Every structure is written in C-alpha cells, then in structure tokens.
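Trainee: I am new to this structure. Could we go through it by question and answer?

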Amino acid sequence: MTPLSTAISPESLPTESKIISSGYPLSIAPMMDRTDRHYRYFMRQITGRTLLYTEMVTSAAILHGDRERLLGFSPQEKPLVLQVGGDTPSDLAECARIAEAMDYDQINLNVGCPSSRVQNGNFGACLMAQPEQVARCVEAMVKVVNIPVTVKHRIGIDHLDRYEDMANFVRIVSEAGCQHFTVHARKAWLQGLSPKENRNVPPLRYSDVHRLKQELPDLFVEINGGFTSLEQVQEQQEYVDGVMIGRAAYDNPYLFAKADCDIYSETVIPPTRHQVVEAMFSYIDHWVAKGLKLNKITRHMLQLFAGEPGSRAWKRHLTENSCLVGVGSDVVREALAKIP
C-alpha cells in the first residue's frame, strides 16, 4: 500500500482555483457516532486516497467545547474535512479559522441533517429554505480561510422539493463563494420521518443531481445516496464530479480496498484484510495505554470480514472481549486467528 504520507493534499494538486483543490472523486460521508478519529484511522489502512470527513460538530461545540477531543486527528487521516453545523456567519467564520489552523483540508457546512435537534438549532436541512442565510455563512467562511468551503445538502425539503428550488439554492450559495456541493439525492421530510427514515424512505432522484451538474458545469458536484460499490462510483463519473458513500462504507469497509487503484489510478497492491488488522496493532496499543477502552476502536472494525469465512467468530470475539478494562491488541490478534 502506498505510504500514507503521500496521500493527496490540496497543495499537491493544481492551484488554479479552490474548486480544483476541493475535488476528490470519492469520499466517505460524515456519519454521527461513526466517522470518529478511530474509524478514520482504520479506513486509512484500507484507502490512502479517499476523502474522509469528521462527524458533524456544531459551531457552538467547536467554539466552547473540548477542542482536542472534538477535532483532534492523526496526520495519517488526511485528506480530511471538518463538517460543521450552524447558522451564524461570525461563529462559522471562526470555526473555519480553527479548522485551517488545525490543518484540516476543507470545511463543510451541513445543510442536510433533518433531525429535530438540529432543526431546533436552525441548521442542517431546514436551512435549504434559507439560501440567503447559507450564502452569508459561506461568504463569512470564505473570506477568512484559504481552504475550500463546501456545502452538503439535500435535493429538497418538505414541499420545497422541485428541481428548480434546489438549483436556486445552489446558485445563490455558489455566488457567495462555494464551488463544491455534495448533494444527497433524497429530499428530507422535516416532520413525520425520523433521521433514519429520511435515509431510506424518500426516493432517490439521481437525475436531479446529474441535471445540476449539466446546467452548472463550473461547479464541483458530488452525488450521495444509496451507493454500495466502486462500480457504481465509476458509472456516476459520467455524470458528476464525485461520489460520496455513506452507510456502505461502515457496513462493508473493505469495499474501499481497490479505491486507490480503480478510482485514483494508483499502481498499488490493495492491502489484504489481515494486513489492515495488523496495521492497527500499534495504534490500538498507543490509545489503550492512554486509557481508551479497546472497544472504542474495534467497534469500527467488526465488519472488516463481512461476508468472509470466520466473520462471525471475529465479531463475537471482539464484541465479548474488547469491553474489558486494560485489554489491547492481543484481543484483536486472537480474533484474527479465528479467520481461516
């Protein structure tokens, strides 16, 4: 596998504009309670090129919370995007400054989460009804940093779900300086559906995202929603600039093993699943020595052998033993020995 220190960074790409430096053809979606630093480090043992995201962090938490706990990351996780939630331009501008100072590669504004808690804070998907406010937020961030400012949003919300509504939102926000839009190709019902249902119930409308790219060719348009294979990513490259994979990246992380070859045209040999596990041993022992419970890391590794012989024994051993106080990589070695 290519050394992680050679991972793509904005500095190593053409510098004509932020749209170019923000453009990765494949990314893993920000997912609450999933894409924490330990998951991201684990995924870096599988793919060195795929763009990774943090979980969404609110602007208030960034400004007033434990910054190292919320935003800390290992250099090996890069290229990495901080996703932030908020609706106050000055607060988001300060968050952007912090992200750049901490060496994040991009900052992304969440305009797609439909949860009631997020709505109560007036950010997430409900902001699609307020494109001018999103534009003010983007403009404030763009003014103070050199890293790309990007937006992740839905194709629509509630009854504001025509293609024309989405296109109007994107045009207004792009005029404020955002050149990269990640579009979840499902609308969100802010009332009546849970966040989980909003990931499944509304139908996918890929054609709307394809049309957006066709009509606004100068923007980097990334599509998200329902993708489960690299073959699908390659098919979408005919219509859009990038593809974001969400739940499949967690349920079957090894599907990214050939991403560096198939999507980024790297001449590298994909790591085996065993090599991925072995690469985690020193990382695990480092964090256990600092007092972290092993299951905070291994919970992200349970699906590595999904569909393979021994997968059940692997998951059982990790689940039953990783919660014990003080255990480290030996538990993972024992679980690995159960794989044929």
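This is a predicted model: local features need pLDDT of at least 70, side-chain atom pairs count only at pLDDT 80 or more; totals for chains, interfaces and linings use all residues.

Mentor: Residues are numbered from 1 along each chain as its sequence is written, and side-chain values use heavy atoms, with hydrogens and water left out.

Trainee: How far apart are the end C-alpha atoms of helix α5?

Mentor: Helices (H or I, at least four residues) and strands (E, at least two) are DSSP runs, numbered from the N terminus. The expected span of a helix is 1.5 Å times one less than its number of residues. Helix α5 has 13 residues, 89-101, so it should span 18 Å, and the distance between its end C-alpha atoms agrees: 18 Å.

Trainee: Which elements do the buried residues of α5 pack against?

Mentor: Buried means under 20% relative accessible area, exposed over 50%, and partly exposed in between (1.4 Å probe, protein chains only). In α5 the buried residues are Leu 92, Ala 93, Cys 95, Ala 96, Ile 98 and Ala 99. Contact means heavy atoms within 4.5 Å. Those buried residues pack against α3 (59-64), α4 (67-71), β4 (80-85), β5 (106-111) and α7 (131-144).

Trainee: Is Asp 208 buried or exposed?

Mentor: The side chain of Asp 208 meets that of Arg 205 in a salt bridge (2.7 Å, N to O). Arg 205 has 23% relative accessibility and therefore counts as partly exposed. Asp 208 has a relative accessible area of 13%, so the answer is buried.

Trainee: Which residues does Met 43 touch, not counting residues up to four places away in sequence?

Mentor: Met 43 lies in helix α2 (residues 37-44). Its relative accessibility is 0%, so Met 43 counts as buried. With near neighbours in sequence, up to four places away, left out, Met 43 touches Ile 28, Ala 249, Pro 253 and Phe 256.

Trainee: How many salt bridges does a search of the whole structure find?

Mentor: One of them joins the side chains of Asp 262 and Lys 258, at 3.9 Å, N to O. Salt bridges that share partners also join Asp 33, Asp 36 and Arg 299 into one network. For the whole structure, the search finds 17.

How values were computed
A salt bridge is a side-chain nitrogen of Lys or Arg within 4 Å of a carboxyl oxygen of Asp or Glu.
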